[in-house]
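Here's a walk through a protein model, meant to be read with the structure open beside you.

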Amino acid sequence: PPVSRAFFLFFTGYVSLVLLFVGPILGLYRASFHSNLNQQNRIAGKAYLYSFLFTLASFTVFKVTDYQRGFVFPFFFVLPFFFLANRYLLFKFNLWMQQNGFGVHHALIVGYESDGMKVYERVSGFPELGYVVKGFVSKKAVRSGASPVEQFSIREFIEVVRREKIDRAFI
């Protein structure tokens, strides 16, 4: 349905402000640095739902009765699709940049026995964080083909850091 330009700008600005208010409360912006894509999408969905309810409730509280329902509900219906499409494009762009060497950190995992492998599995589960694990340092290196990363002993630590240009270590 046709909608006035002023209402469109007001409504879009108002929803944006509500999302900017609700998003940080739910941890939406912090999640992009600490969570995988599925968890980020769950938090974004929660922020969207709360924002939708808050917007409609605030219209009731402020007695805004002249809003165009024929625009508001399709707007909220289409909004998640725009979010998901843009999120997908940003995710692919981030991976492409990392494949070209931007935002990539060479990491080394320092652990005792099998705990370091758990850290490796956790870090490798989030490629969007940009960590390339170059190896695993433990009390004594076990050279076997079963390990997904190269293993080093603690005595080799300094040499590996210099050779592999390590700038992050997970302990």
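Leaving aside residues up to four places away in sequence, Ser 51 touches Val 18, Leu 19 and Val 22; a contact here means heavy atoms within 4.5 Å. Ser 51 itself sits in helix 3, which runs over residues 37–61. Its relative accessibility is 2%, so Ser 51 counts as buried. On this scale, buried means under 20% relative accessible area, exposed means over 50%, and partly exposed is what falls in between, with a 1.4 Å probe and protein chains only.

Before going on, a word about what you're looking at: this is a predicted model, in which local features need pLDDT of at least 70 and side-chain atom pairs count only at pLDDT 80 or more, while totals for chains, interfaces and linings use all residues. Residues are numbered from 1 along each chain as its sequence is written, and side-chain values use heavy atoms, with hydrogens and water left out.

**The overall layout**

The protein has six helices and four strands. These are DSSP runs numbered from the N terminus: helices are H or I with at least four residues, strands are E with at least two. Out of 171 residues, 30% count as buried. If you take the contacts between residues at least 6 apart in sequence, 67% of them join residues at least 24 apart. The accessible surface is about 11,600 Å², and carbon and sulfur atoms account for 64% of that; the areas come from the Shrake-Rupley method with a 1.4 Å probe.

Does the length of helix 1 agree or disagree with what its residue count predicts? At 1.5 Å a residue, its 22 residues should span 32 Å, and the end C-alpha atoms are 31 Å apart, which agrees. The expected span is 1.5 Å times one less than the number of residues.

The buried residues of helix 1 are Phe 7, Phe 11, Tyr 14, Val 15, Val 18, Val 22 and Gly 23. They cover an arc of only 165° around the axis, which puts them on the same side of helix 1. The arc is taken from the directions from the helix axis to the C-beta atoms. Val 18 and Val 22 are among the residues that Ser 51 touches. Turned away from that buried side is a face with the exposed residues Arg 5, Ala 6, Leu 17, Leu 20 and Phe 21.

The structure also holds four aromatic pairs. In one of them, the ring centres of Phe 10 and Tyr 14 are 6.0 Å apart and the planes are at 20°, so the pair is stacked. The rule is that rings of Phe, Tyr and Trp (its six-membered ring) pair if their centres lie within 6.5 Å; planes under 30 degrees apart count as stacked, over 60 as edge-to-face and the rest as tilted. Both residues lie in helix 1 (residues 5–26), four residues apart, or about one turn. An α-helix has 3.6 residues a turn, so residues three or four places apart point the same way. Phe 10 is partly exposed, at 44% relative accessibility.

**Helix 5 against the strands**

Helix 5 (residues 115–124) has Gly 116, Met 117, Tyr 120 and Val 123 as its buried residues. Their arc around the axis is only 125°, which puts them on the same side of helix 5. What do they pack against? Strand 1 (105–110), strand 2 (131–138), strand 3 (151–153) and strand 4. On the other side of helix 5, Lys 118, Glu 121 and Arg 122 are exposed.

| Salt bridge | N to O distance |
|---|---|
| Glu 159 and Arg 163 | 3.1 Å |
| Arg 163 and Glu 164 | 3.6 Å |
| Arg 168 and Asp 167 | 3.9 Å |

Glu 159, Arg 163 and Glu 164 are linked in a network. Glu 159 and Arg 163 both lie in helix 6, four residues apart. Glu 159 is partly exposed at 48%, as is Arg 163 at 43%.

Lys 165 has a positive phi of about 55°, although it isn't a glycine. At 66% relative accessibility, Lys 165 counts as exposed.

How values were computed: Salt bridge = Lys/Arg side-chain N within 4 Å of Asp/Glu carboxyl O.
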